[in-house]
Amino acid sequence: TVGRWGGEEFLIICSETEFDGILTQAEKLKEKVENFDFSVKEQKTASFGVSLYNKNESVKDMIKRADDALYEAKIAGKNRVEYK
């Protein structure tokens with residue numbers, strides 16, 4: 001399931017997917033954006049923050065961890081996948 005989460009942010013929910021599968025998917029999406037010809041002069045990239053739902057955790061806390069990981073990816077140089 002994909003939806004817009006903010007101005008330039010999207011939320012992708014991968015139900016019934018193990019953590020390694022989620023990381024692999026995020027890396028593939030990052031590479032597709034990086035290599036896509038958007039017909040503009042500058043190259044476009046994407047950063048991803050990944051989290052996995054933990055038992056007894058609120059959805060709000062899980063999303064906060066993903067948002068924190070996204071922030072870390074941007075600070076570390078963008079075009080990255082980070083997880084918490």
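Predicted model: local features only at pLDDT ≥ 70, side-chain atom pairs only at ≥ 80, totals over all residues.
## A residue to start from

In which loop is Asn 79 found? Asn 79 sits in the loop between H2 and S4. The phi of Asn 79 is near 50°, a positive value in a residue other than glycine. Is Asn 79 buried or exposed? Its relative accessible area is 19%, and since buried means under 20%, Asn 79 counts as buried.

Ser 39 belongs to the loop between H1 and S3. With a relative accessible area of 64%, Ser 39 is exposed, whereas Asn 79 is buried.

## The overall layout

Stepping back to the whole chain, we find 2 helices and 4 strands. Read from the N terminus, the elements follow the order β-β-α-β-α-β. The C-alpha trace spans about 45 × 25 × 20 Å along its principal axes.

How does the radius of gyration fit a compact globule? For 84 residues, such a globule would have a radius of gyration near 12 Å, and the chain has 13 Å, so the two agree. Of the 84 residues, 24% count as buried. As for the contacts between residues at least 6 apart in sequence, 47% of them join residues at least 24 apart.

## An aromatic pair across the chain

Now to the rings. A pair of aromatic rings is described by the distance of the centres and the angle of the planes. The model holds 2 aromatic pairs. One of them joins Phe 19 and Tyr 83, with 5.2 Å from centre to centre and 75° between the planes. Why is this pair called edge-to-face? Planes over 60 degrees apart count as edge-to-face, and the 75° of Phe 19 and Tyr 83 is therefore in that class.

The pair links distant parts of the chain, as its two residues are 64 apart. Phe 19 is in helix H1, which covers residues 19–35, and Tyr 83 is in strand S4, residues 81–83. Both partners have some accessible surface: Phe 19 is partly exposed at a relative accessible area of 21%, and Tyr 83 is partly exposed at 49%. Buried means under 20% and exposed over 50%, so Phe 19 and Tyr 83 each fall in between.

## The largest pocket

Next comes the empty space. Rolling a probe the size of a water molecule over the atoms shows where empty space is left. The largest pocket holds about 1,200 Å³. Which residues are closest to its centre? Among the 36 lining residues, they are Phe 10, Leu 11, Ile 12, Ser 47 and Phe 48.

Several elements give two or more residues to this lining: strand S2 (10–12), H1, strand S3 (48–50) and helix H2 (59–75). H2 contributes the most, with 7 residues. Sorted by class, the lining of the largest pocket has 21 nonpolar, 8 polar and 7 charged residues.

Leu 29 is part of helix H1.

Glu 57 lies in the loop between S3 and H2. Is this charged residue buried or exposed? Its relative accessible area is 16%, under the 20% limit, and so Glu 57 is buried. Apart from neighbours within four places in sequence, Glu 57 is in contact with Leu 52, Met 62 and Arg 65.

Phe 38 is placed in the loop between H1 and S3, the loop that also holds Ser 39. At 39% relative accessibility, Phe 38 is partly exposed. Not counting residues up to four places away in sequence, Phe 38 touches Val 33 and Lys 44. Where does Asp 61 lie relative to Phe 38? The two are 23 residues apart in sequence and 35 Å apart in space, C-alpha to C-alpha.

Definitions and conventions: Residues numbered from 1 in each chain as written. Heavy atoms only, no water. Phe/Tyr/Trp six-rings, centres within 6.5 Å; stacked < 30°, edge-to-face > 60°. Buried < 20%, exposed > 50% of the residue type's maximum accessible area, 1.4 Å probe, protein only. 1 Å grid on protein atoms, 1.4 Å probe; cavity = no way out; pocket = protein on both sides within 12 Å on 5 of 7 lines; lining within 4 Å. Points joined across faces, edges and corners; volume = space filled by probe spheres on them. Nonpolar A, V, L, I, M, F, W, Y, C, P; charged D, E, K, R; others polar. Rg over C-alpha atoms; globule rule 2.2 N^0.38 Å. Contact = heavy atoms within 4.5 Å.
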